[in-house]
Amino acid sequence: QKARNLAFQNALSKAKDYGEALYMKVGKVLNLRDSLGNAPVVTDVLLEGIKVDASVGASSTSIQVGTIPVDYNLRVVFEFS
C-alpha cells in the first residue's frame with residue numbers, strides 16, 4: 001500500500017510539472033494501470049525421498065537482516081485542461 005501511494009504521488013507530481021510547463025491544469029485520472037514488480041517470493045521447498053545427514057558437511061547459513069526493495073509500477077493518464 002505504501003509503495004502504491006508513493007508511486008501515485010510521484011505520478012501526480014510529474015503530471016503537475018508537465019501541466020505547469022504547458023500552462024494547463026491537471027484534471028481527473030483517465031486511465032490507471034499498476035503492477036508490483038520484484039516482489040519477494042517466499043515458498044516452501046519439500047525434499048521428498050532425500051536423506052540428509054546433518055553431521056556431514058554441516059555449515060551455518062547467514063541470513064542478512066534488513067529491507068527488501070520492492071518496485072511498484074504505475075501508469076497513470078491524466079486529463080489536462
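Guide: Helices and strands are DSSP runs, numbered from the N terminus. The model before us is predicted. In it, H1 and E2 each supply at least two residues to the lining of the largest pocket.

Visitor: Which residues line the largest pocket?

Guide: The lining consists of Ala-7, Asn-10, Ala-11, Lys-14, Ala-15, Tyr-18, Tyr-72, Asn-73, Leu-74, Val-76, Phe-78 and Phe-80. By class, these residues divide into 9 nonpolar, 2 polar and 1 charged. The space in this pocket is about 210 Å³.

Visitor: How is a pair of aromatic rings described?

Guide: Such a pair is described by the distance of the centres and the angle of the planes. A search of the whole structure finds 1 aromatic pair. Phe-8 and Phe-78 form this pair, which is tilted, with 6.2 Å centre to centre and 50° between the planes. The pair links distant parts of the chain, since Phe-8 lies in helix H1 (residues 2-21) and Phe-78 in strand E2 (residues 71-80), 70 residues apart.

Visitor: Is Phe-78 buried or exposed?

Guide: Phe-78 is buried, because its relative accessible area is 10% and the cut-off for burial is under 20%. Phe-8, at 24%, is partly exposed.

Visitor: Which residues make up the largest nonpolar core?

Guide: This core has 5 residues in all: Ala-11, Leu-12, Ala-15, Val-76 and Phe-78. Its largest share, 3 residues, comes from H1. Leaving aside neighbours within four places in sequence, Ala-15 is in contact with Val-26, Phe-78 and Phe-80.

Note on methods. Residues numbered from 1 in each chain as written. Predicted model: local features only at pLDDT ≥ 70, side-chain atom pairs only at ≥ 80, totals over all residues. Heavy atoms only, no water. Phe/Tyr/Trp six-rings, centres within 6.5 Å; stacked < 30°, edge-to-face > 60°. Helix = DSSP H or I, 4+ residues; strand = E, 2+ residues; numbered from the N terminus. Buried < 20%, exposed > 50% of the residue type's maximum accessible area, 1.4 Å probe, protein only. 1 Å grid on protein atoms, 1.4 Å probe; cavity = no way out; pocket = protein on both sides within 12 Å on 5 of 7 lines; lining within 4 Å. Points joined across faces, edges and corners; volume = space filled by probe spheres on them. Nonpolar A, V, L, I, M, F, W, Y, C, P; charged D, E, K, R; others polar. Core = buried A, V, L, I, M, F, W, Y, C linked by side-chain atoms within 4.5 Å. Contact = heavy atoms within 4.5 Å.
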